[in-house]
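Visitor: I have a chain open here and would like to go through it piece by piece. Can you take me along?

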Amino acid sequence: MSVVPIRLFGDPVLLTKADPVVDFDAELRRLVDDLTETMLAAPGAGLAAPQLGVGLRVFTYNVDGEIGHLVNPDLTLSDEEQLGPEGCLSIPGLTFDCRRSLQVVAKGYNMYGEPVVIEGSDLLARCIQHETDHLDGVLFLDRLDTPTRKAAMKAIREADWSGLGGPPVLKVSPHPASPHLTNGFGL
């Protein structure tokens, strides 16, 4: 396990739909371990594989002391909604009110290929929806109302980590890269 650089806003991988996991092998288990360790070190409530530059449908979460992961998620969302603050490790230091479903039932698999069902509300539901969006190439910014999105984009342009004031620059977190991910996942 190791802490891996987190891709930041502006990196095209964050806007690319991830591929379904088909091999539930040792590389997938290492990816889940790296996602978990990186998420905890950040610290964050969730982290999706594309945020590490890996285009696979897997994410980890850490909500209310419950740490877990989900592979190839399929969500059923409630009609009831919540509006609350949301942030993203790929958009560090910024939070904005985002509308999400209040409850979610997420079906998928664990890293061994065994079926998993996660039911959650409030923060867990928000986290699962946020991370699944990452797997679809969607950022929470895309879900903000127009005035909030404009404010978010202004804040991003002004952020120290952002390269939006000039030519596009790929930014990553200061964490060292994981050699097995560099070789094993074509980074």
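Guide: Read along the sequence, the pattern is α-β-β-β-β-β-β-β-α-α-α. The chain holds four helices and seven strands. Keep in mind that this is a predicted model.

Visitor: How much of the chain is buried?

Guide: Buried residues account for 49% of the 187 residues. As for contacts between residues at least 6 apart in sequence, 67% of them join residues at least 24 apart.

Visitor: On to the sheet. Which strands form it, and in what order?

Guide: Five strands form an open sheet, ordered β1-β2-β3-β6-β7, and the pairing is antiparallel. β1 (46-48) and β7 are the edge strands, each pairing on one side only. On average, neighbouring strands are turned by 40° against each other, direction ignored.

Visitor: What packs on the sheet?

Guide: α1 does, touching β1, β2 (58-63) and β3 (66-77). The direction of α1 makes about 35° with that of β2. Helix α2 (residues 122-135) lies across β1, β2, β3, β6 and β7, and runs at about 160° to β2.

Visitor: Stay with α2. Why is it described as largely enclosed?

Guide: Of the 14 residues of α2, 12 are buried, so the helix is largely enclosed by the rest of the structure.

Visitor: Which residues are those?

Guide: The buried residues of α2 are Leu124, Ala125, Arg126, Cys127, Ile128, Gln129, His130, Glu131, Thr132, Asp133, His134 and Leu135.

Visitor: And what span does α2 have?

Guide: α2 reaches 20 Å from its first C-alpha to its last, close to the 20 Å expected at 1.5 Å a residue. After α2 comes Gly137, with a positive phi near 75°.

Visitor: Now α3. Which of its residues are buried?

Guide: Thr148, Ala152, Ala155 and Ile156 are the buried residues of α3. Seen down the axis of α3, they fall within an arc of 100°, so they line one face of the helix. What covers them includes β5 (91-101).

Visitor: What sits on the face turned away from that buried side?

Guide: That face of α3 carries the exposed residues Pro147, Lys150 and Glu158.

Visitor: How many residues does α3 have?

Guide: α3 has 13 residues, covering 146-158. From first C-alpha to last, α3 reaches 19 Å, close to the 18 Å expected at 1.5 Å a residue.

Visitor: Back to the strands. How do β6 and β7 pair?

Guide: Strand β6 (residues 103-109) and strand β7 (residues 115-121) pair in the antiparallel sense, over seven bridges. In general, strands of a sheet pair through backbone hydrogen bonds, either parallel or antiparallel.

Visitor: Which residue in β7 is the bridge partner of Gln103?

Guide: Ser121 is the bridge partner of Gln103. Lys107, in turn, stands opposite Val117 in β7.

Visitor: How many residues lie between the two strands of that hairpin?

Guide: Five residues lie between β6 and β7. In this hairpin, Gly113 takes a positive phi near 90°.

Visitor: Buried or exposed, for Asp64? And for Asn72?

Guide: Asp64 has 74% relative accessibility, which is why it counts as exposed, the cut-off for that being over 50%. Asn72, at 18%, counts as buried, because buried means under 20%.

Visitor: Where is there a cis peptide bond?

Guide: A cis peptide bond joins Ala42 and Pro43, and omega is about -20°. Pro43 is found in the loop between α1 and β1.

Visitor: What does the side chain of Asp11 reach?

Guide: The side chain of Asp11 reaches the backbone nitrogen of Val13, at 2.9 Å.

Terms used
Residues are numbered from 1 along each chain as its sequence is written. This is a predicted model: local features need pLDDT of at least 70, side-chain atom pairs count only at pLDDT 80 or more; totals for chains, interfaces and linings use all residues. Side-chain values use heavy atoms; hydrogens and water are left out. The expected span of a helix is 1.5 Å times one less than its number of residues. Buried means under 20% relative accessible area, exposed over 50%, partly exposed in between (1.4 Å probe, protein chains only). The arc is that of the directions from the helix axis to the C-beta atoms. Contact means heavy atoms within 4.5 Å. A polar contact is a pair of N or O atoms within 3.5 Å; within protein, one must be able to donate a hydrogen and the other to accept it, and residues adjacent in sequence count only if both atoms are side-chain atoms. Two strands pair if DSSP finds at least two bridges between them. Axes are lines fitted to C-alpha atoms, for helices over the stretch in contact, and angles run from 0 to 180 degrees between N-to-C directions.
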